[in-house]
Each structure stands twice: as C-alpha cells, then as structure tokens.
Amino acid sequence: MIRTEEMLLNVGPQHPSTHGVFRLVVKIDGEIITEATPVIGYLHRGTEKLAEDLQYTQIIPYTDRMDYLSAMTNNYVICHAVETMMGIQVPERADFLRVIAMELGRVASHLVAWGTYILDLGATSPFIYAFRDREMIINMLNELSGARLTFNYMRVGGVKWDAPEGWVDSVKEFIPYMREQLKGYHELVTGNEIFLDRVKGVGVYTKEDAINYSLSGPNLRSTGVKWDLRKDEPYSIYDRFDFNVVTRDEGDCLARYHVRLEEIEESLKILEQACEQFPAEGEIMAKVPKIIKAPKGEAFVRIEAPRGEIGCYIASDGKKEPYRLKFRRPSFYNLQILPKLLIGENIANLVAILGAVDIVLGEVDG
Amino acid sequence: MSGEKDLNQLKREAVEKAKAEALAKRQAKAAGEVSGAPMQEDIPSEQALSQDAKPAESAEPAQPTQPVETPAEAENGADLAKKKAAAAAKAKAAALAKKKREGIEDEAPAEPAQPAETPAVEASDDGDDLAKKKAAAVAKAKAAAAAKRKAMELAGNTAPAEETPTPVASETSDDGDDLAKKKAAAVAKAKAAAAAKRKAMELAGDAAPAEEMETAGVTDDAKAKAAAAAKAKAAAAAKAKAAAAAKAKATGTGDADTAAMGDDEKAKAKAAAVAKAKAAAAAKAKAAGAAKGGDVSPADTADKPSPNQPFLDKYRKVIEENLGPDVLEDSYINKLSKDVPTLVAKKDTYFKVAQFLKFNELLGFDYLSELHGTDFVTHMEVYVHLFSYKNRQSVALKVKIDRDEPTIESLQPIWAGANWPECEAYDLLGIKFTGHPNLHRILLGEDWVGHPLRKDYEPYDVEV
Amino acid sequence: MVEELLHSSPGLANFGIFFLLAAVLLLIVLGFVTYGILAERKVMGYMQLRHGPNRVGGKWGLLQTVADVLKLLLKEDIIPKAADKPLFIIAPVMAFAPSFMVLATIPFTDKFQFADIGVGLLYYIAVSGMTVFGMVLGGWASNNKYALLGGMRAGAQMISYEIPLVMSVLGVILLTGSLNLNDIVAQQDDTAWFILLQPVAFVVFFIASIAELNRTPFDLPEAENELVAGYHVEYSGFRWAFFMLAEYVYLFAMSALITVIFLGGWLPPFDFLGFIPGAVWFSVKFSAVVFVYIWLRSTMPRFRVDRLMEFGWKVLFPVALANIFLTALIKTLFF
C-alpha cells in the first residue's frame, strides 16, 4: 500500500465558505480529511462581559450583533428573560409585532442559509434570488425598526416602534409572493441531480448523536426529533397559531436543507395568521419602570431562533445591570459536532457539511 | 386608515360629550337633590325605559333597520367566533356593529340605546375579568372561555336586556384575547349609554342619583386622563380610548345597577356590588395606568404552588432513593425562571448526580441545553440546564465550587455537547474541568492573560 | 489564399503576411475574449436579476473588460517567496499558448481557415491537452496547498474527460472517414448535421467539453468555495490574466469546434437560406453554443470531485464506447 504524506490545511479564517472568520485546521490525506480541529474566537467581542456594565435596555443592541442574520430573535430572548424575571405581561399588539418581526427574521435567515448553501455548492444564481427576496423582508423590518440588520427593536415590556401605516398589509402581500418564490426555489435547486449528489447521504448523524451533541433547530429536527420551542414550550403568543414542526428522518445535509425550506413555509403560515389577527390598535409597551431592575435571582429562558434554541441566562442582584448574563448561542453548540462529521470526508464535503450546519460566526464567538 | 382616525375622532368626541354630561349632572346635583331618595326614583324610570326598549328593539318603527341589524350582526359575529372562523371576519363584524352603535348614538333614540348599555356592563366586566385572569397568569384562551361563561350568567341576572348582551358579549370576547377590540366595543357602548342617560335625564326630569355621583367621580378621573391625553399627540388616540373605556365601565355599572334593581332586588344588589367593586378596581387600576393592555403585574402568583413542584419532588425522591439522602445540597423551584426545578448538587456528588440524571430511565435528561459558570465572588457556580426529550421536562443542575481553586468534573463524558461550553467556562472564568478531553481557551486564545468574567479581572492592556 | 501561401517558397514577405494574419487572428480572439467576458457577465447578470457591467463605456459597459485588462496589466506582479520562480513564470504561458495554437485548424468558413491539415481534429485534441501542464505546473510552483489541490484536480479531471471527449467524436469520424475538419463539414452538407446523426456523441462531447473548459458544473480545479481559487490562487496581475485568457480562448475554440463538428459549421440549416453568408451562420451557431455554456454556468451547482471521476469513467466513457460500437455497426450494415 502506498503511504502518502498527510497535509495540514488551514481552511479559513479567510475562506469563502466558512461564512465569516472561522478557521478549520484539517489534516488531509489527498483530499480525504483525517482530522479536523475548529478554531473559533476571531469574532469574540465579550458581549457577556460588556453586559455586566450595561443596563438591560443597553444590552439589546449588543444582541443584534450576535446572530446578525436573525437579530430579532436575539432581541427577543433578552427581553423575554427580563420580562420573565419581572413578571411583565407584554401588550398584545407588541406581542404580535414581535412575532411578525421574528418570523420575518426567520424567513430572512433561512433564505440566507439557503442561498449561501447553494453558493457553497457552486451555483451562483440561487444566492441572488434568495437575497432578492430577503431584501424585501429587510426593507419591511427597516420600515419597522429603522435598521436593516441590527434592529434594536424590542424593549423590555414591548417594542420600540409601532408598525407604520400599512405595514401589516405589506407583510400580508409578501406572504403569497414568498410562497410563489419557494416553488421556484424547489424547481431550480431541489430536484437538481448534481445538488442531490452533493447533499444526499452526506454529513449523516443519528438522532442520539444530535441530542448528545446538544444540537438544536433544523440540525436537530433533520434527525426526526419533533421539537420546536415555539410549539412545545410556547412563549409570546405562539400558542395561538397553527403551524407544523418540520422534521426529517434522514439526518443528512439534504434533510437539513428541506427542514429549512419547509420552515419558511411554516413561518409564512404563522405570519399569515398573525397578520389576520393583528389587533387594530393597542399599546406597544407595557408599563415598565424607567430603570429596569430585574429582581434578585436568576433565570434561564430559551426560545427558538432560526439556528436553534437561543437561551439567555440572567443572574441579577437586583441592580439595573445584570450580575451575569449568558447567552446560549445555538451556532456555538451546533458547531461542536463538526469535527466528528468531517472525518473521512473530502474537501468538497467539508463545505457541504459546514454549510448545512448553518452557523453565524458572530454567534459562535459571542 | 382614515376610517380609524374617524373612529378615534368619534371616540374623543364621545369623551368630550361624556365630560360635558358629567358636568351637567354635577351641576344638577348641586341644584339640591338628596342623594338617597332619587336613587329610588331613578329606578322605575330607567326600568320602564328598559322594558320599553325590549319590544321596541326588535321592531323599532323610527329606526327600522339599524337596531334590528345590530344584534343580527353581533349574533353573526358570535356564531363566527364560536366556529372559530377567520379573525378578519370577526373584526369586520365588530367594526360594523360598532358603526351601527354609533349610528344609534347619533340619532339618539332612547329605546334601542337602552338595551345596548347593559352589554357595556358585560363588556367591561369581561375586561375586568380578563385583566384579572391575566393578572393571575392563567392561559388567555381559558380566560376568554371563563369570561364568556360569566357574561352569559350575568346576562341571565340582568334580565331586561337578555337578548342583546349574550351575542355581544360572546362576540366581543370571541377568542377572548382581543382586548383592544373589546375596548373599542366598550367605547361604542359607552357612547350609547351616555346618550341613553341623557335621554333618561330629560325624560325623568331627574338629576344625580347616588350612582351618578359615583359615576361622576370616576368620570372625573377619566376626564383628567382624557385631558392629559389630549396633550400628548402621539398617544392621544389610545389614551382617549382608555379613558373612554374607563368611563364606559363606570357608566355601565351605574346603569346596570338601575336596570337590574327593578327586576330583582337580590340579584341587583349582588350584581351592583360586584359591578361596583369591579368598576372601582378598574378605575383604580386605570388611574395607576397598569390595567391598560392587561399588563398587570402578577405579583399574586408567588403564593401559589408551582405546577412543576411534583416534578421536583419526583426528581428529589428518585435521586435520594438511589444515591443517598445527602447528595443534594438544595433543591427548589426557580420561580423567576419559568418554574424550572433546580437541583443544587454538592461538589463531590455533582458528576454522580449528572450521570444519574441522564441514565436513570425515570429522569432521562438526555439533552444538555446549556452549561456555564458564574463568579459569585463568594464562590463559583456552574449552571447546567438539562432537558429530557423523553419526558419533555427541564431541570437545572447547579453546583457551587471553591472560587480560589475552581475545579469540577467535566460533563463531557456524559453529554458530548458539554465540550465547548466547558471550554468557554474555562476560558472566561478559569474553571478547570477534570476529565475534559481537550480543555483549551476556546474564545480568547492561549496567550490571553486572566479570565475576563471573574469579578476581579483586570484588563491586561489598561489603556483600552 | 492561405493554402497558396503555405505552398509558396519562404521569404520575408511570406513571413510578414503570416505574422500579420496571426496578429489579426489574435486581435479577433482577444476581441472575442473581451466581449465574451462582457457577454458572460451581462447574461449572468440578467439571469441573476442584475444588470452586469453598466458604467464603463456607456450603459452596456462596453469597455468594462478593457478597463479590467488594463488594471491587470498595471497590477503589481507578485511572486510568492517560496514559489518555484521559473516554473511559476512559465506556467501561465504554457496554459495560454496551446489555446491559441488550436485555433489554427478551425475552419470558420469555407475560406477563412489557417491550416487545413489532414488530422485537424486530432491536432486540436492533442494540443489542447497540453494546457493542463500549465495548470498543474502553476499549482505546483505556487507552493500553496490550495493551488496544489487545484492543480491535482485539474490534472485528474483533464485526463478523465479527454478520453470520453475523443471517444465521442470517433463516431463522427467513422461516419466521415476523415479527421479533417473541412471534410467533416462537407459530410454534414451531404447528409445532415451530426447533432442529428450522432446525438449521443454530441451530449457526451458537450459534457466532456465543459469539463475540459473547467466551467461550472465542472470547475473543480478552481472551485472557489472549496479551494478558494484553485491552481491560480497565488497568481495576480497579468499572469493571472493569462490563465483567464486561456480559459476564454478555449471557450472560443471549443464553441467553434462544436459548431464545426456537430452543427454543420458555416452551413445554413436549410438550403433556401443559402444566400446568407456562411460567416453569419457560423457566428450564430457559435454564439448559441457560448450562450448555453454561460447559461449552464449560472444554473448548476458544482460536482463533487469523486463523483466527477465516477461520472467520467463510469457514465460518459461507456456511453461513448457504446456509441462508437453502434455507429460502427450501423455503418457496416447499412452503408
């Protein structure tokens, strides 16, 4: 047998397919990976340390920068944590605005995941289509919050801005449009033989592995675990909407791809219902004290972000700043399984597997 | 949108009207009626009116279409609500009903307006009820159902207007959660009520009964609010609405009293007491500005036993049965954290407890949702949030460790997902996890000095 | 005209004429490359809901590529310290030169051809195969792991796909009985276009040609998302431009070859359309082929490297062989 020399290849930190500054040190034999070591931390901003000197409202903009593709859910999780601790009941209209914003964010986030994933696999056009449709969402969220990515929209007790006139109608109009586009997505990519060849049976892990490695979100549901915090531990007003938890049993990259695309459909369902039930008027902020002080104690809440469950732990000593703030960042947890998945795969599959995990480095590094 | 503005405008007008009216009433009262007696006097007239209204409502010659259509629409709405049909349809029905009611008010017929005011009681009661239920943090849908039931009962009590209130009440509480809608309805009703009252006053030639005084008192409150509201441009509509709603409650209560009194003394007294208490509570809450939108602080939940208490007891029992009585330092329900059962393990039993939590088939916590450390200055703490996909239950496991020598067993052999979080805790807090396969400074890099999340951390390069 | 010159006695005048003609061809080719790139960007742009270049040179961006080339010329020439300098320098030349050489045999019309050699097709395939040396060399000389992987991929891919490429045209050669490209066109005049007579061969040839051109979905040697830029990752400035130039000249050459072999070259589709000059027909067909290449590029994801090999050896190669066999059978039985 021929013995070939192993080569150490640094994939990243500047590599087109690592979706940010992520470095993967792989040992390769030819193109076959024998060992993979992820190196993270390039984007670590010490959010948790900074938060110890900030008031709760001031922390919200920092959360925007964690998972910058779905900042609304990040906004929500910290507000939700503080509200849970203080026992604040959010006004209904604010809840609706939050849910609509979060679900729009989820659609946008999955669109980016879809587009960049196909781009990773070498096709350039779907990426642009996804970004075109995402742009519509971004514009809507921009109208709502005044920012395109870092929304800083939610506050403890409600939301910062009320929906501008006709905004809900524009969301309503978007839903059928997006449904139509999704059909096009499937026609363009899902049935493509080359695409299927790249993702089917690639990066497979079992249900047990997924749970053991603390995976969440589409990464977990692609193995058949029917678990969605929106459904199973309802927060906000998600219990009012009728939607399905999308699962697949295969646990491969294709399953994750399908889960994400179908989750867009489910999000559209939620959006549709939320827009219909949207209260014509009402408060957008609960009556909260000027200076928010969480009661002494600790709380951990988790909600369903597009990438999995995002959690927020607050330990408070009754002051206006948290004593300790910790985010459970889904991408950070989801990435742990990567070294295990990569062994024995080739470089092309590395890209396919990493893309299917769908990480955002801002979130991985906190 | 212009329609909505019109509505707001109408509402504000109604408030103005109500204010003027209240003023007139007070003046009339000052003119020298004794408070006790007119109350008795007032009742018959009101009652006569309401009895008059009952037949008149179904086939009112002067307003043939509108009064008839109003309940019909409302009934429609109720039906839809029952069938859980599209919310949009409901909203439309409500809006239509509202408009109809405004029409009534505009044309000021004493007869059809009179029955309409009773529902106002139901509606405001509903509101109260709902607010209370919300305050008690009971599921909203349940609250709605309860409110509906209550409304029906009340409708039975307040006899003269049994026909309208039921559909109206059920319509307004359709899915039970639409407070805003309810409020809007209440506003419309309040207007109708105001109109009715004006008519009643004219007809009876009567001034200021005892309830009126009370009403006026509350109205003052509302007025003050409305005045303040008028100043604030942006929130004007909402506040005016809220004020009108408050007034609606108060007025409605008064009317309910009078209307019911003639019918059944006992029921009346009861209803009046309840309604008064509610109105007072509502007014107070409104004045405190807390009842708006139902954001009442659920302070009273603290007394109730947590729904998760049985789970905690179960975990404790299973652990103590299998691992001995003193493996847990403490265990409690963390009320701040969605009632999660929290177990505090001792340092030397931490790993054992964790292992047990995962592998015991009664517990089966197979998923590590979160692991992190905290520096509490007196000690370090590792917080682990576990979840069982089998039992769909969460548990928090905590362990206190020595701050100067923060060492604890790694959970990585039990849950592979604990790998990176432990590295993170090591990196940021300096907690050493023994048995971890690759404990390294995952975020900051090996050359970083210090552990930033420790409370005594000093930045290495000071000028930043 | 060229034939006469080839057979006339050598001299300075002859040399001058040849030199001039070659220069003219080079300019034509460079013109094509310039506007081929622009066309690709424009077509892809419109397919991707963009406009493509629209600033430099009017609203059609007509001078965009010119500006790009100028930029590349002015760019600093970087040679990595650890690179093998002579090889690093020679690699782009080795990649480009054959791409230009193959153009000599292609008959653009019945009159416009530079070298009407008997084994024109063989010459084309043999010479074009040399380009891969430039790629492997460039990948190796860069002393970069991505470049090395890209170079290796390029080598493996070229070898794998050269074979089905040659095998597929064997059917055409059997039917024609000649390797001369003029003869092949003449044969199509007599019977029908080979795309109709040899559809399987056409499909195999087309797929293999995409692989030969290193274009999506077979652009593994430079797979951006996996190997950053593959074999030319360390190249910049005009050296890099040479690799690009080679790629686009091959696009030109391959489209021309497909037009000649399968689409009847300069022949009109129907005889009554014969009044339109052959050059027009040639360029129409040629443009159509180029368009299909661009179209595929903006639609397809990329093959995986092991599947690419499998596809080449396990699908295209047997299909090409079967096609030869069938063609031979039919030819012996019916003609």
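What is the order of the strands in the open sheet of three strands in chain A? The order is E6-E7-E8, with antiparallel pairing. Two strands pair if DSSP finds at least two bridges between them.

Before we go on, please note that this is a predicted model, in which local features need pLDDT of at least 70, side-chain atom pairs count only at pLDDT 80 or more, and totals for chains, interfaces and linings use all residues. Residues are numbered from 1 along each chain as its sequence is written, while chains are lettered from A and ligands numbered from 1 in the order in which they are written.

**The sheet in chain A**

Strands E6 and E8 of chain A stand at the edges with a single partner strand each, so one side of each has no neighbour in the sheet. From one strand to the next, the twist averages 10°. E6(A) and E7(A) run antiparallel and are joined by nine bridges. Within this sheet, Glu298(A) stands opposite Ala315(A) in E7(A).

| E6(A) | 297-305 |
| E7(A) | 308-316 |
| E8(A) | 324-328 |

Helix H3 (residues 71-86) of chain A lies across E6 and E7, running at about 145° to E6(A). Such angles run from 0 to 180 degrees between N-to-C directions, and axes are lines fitted to C-alpha atoms, for helices over the stretch in contact.

**The nonpolar core**

Ile314(A) is one of the residues with the most contacts inside the largest nonpolar core, which has 266 residues. Such a core is a set of buried Ala, Val, Leu, Ile, Met, Phe, Trp, Tyr and Cys residues joined through C-beta atoms within 7 Å; buried means that 20 or more other C-beta atoms lie within 10 Å of a residue's own, with C-beta atoms placed from the backbone. Helix H12 (residues 237-262) of chain C gives the largest share of this core, 18 residues. Beyond its neighbours within four places in sequence, Ile314(A) is in contact (C-beta atoms within 7 Å) with residues including Val82(A), Glu298(A) and Leu325(A).

**Two helices in chain C**

Helices H7 (residues 145-176) and H8 (residues 181-190) of chain C pack at an angle of about 70°, with their axes 10 Å apart. H7(C) and H8(C) are therefore roughly perpendicular, a label for angles of 65 to 115 degrees. Val172(C), Leu175(C) and Thr176(C) in H7(C) meet Asp183(C), Ile184(C) and Gln187(C) in H8(C).

Note on methods: A residue is buried if 20 or more other C-beta atoms lie within 10 Å of its own, exposed if 12 or fewer, and partly exposed in between; C-beta atoms are placed from the backbone. Helices (H or I, at least four residues) and strands (E, at least two) are DSSP runs, numbered from the N terminus. Two residues are in contact if their C-beta atoms, placed from the backbone, lie within 7 Å. Angles under 35 degrees count as roughly parallel, over 145 as roughly antiparallel, 65 to 115 as roughly perpendicular and the rest as oblique.
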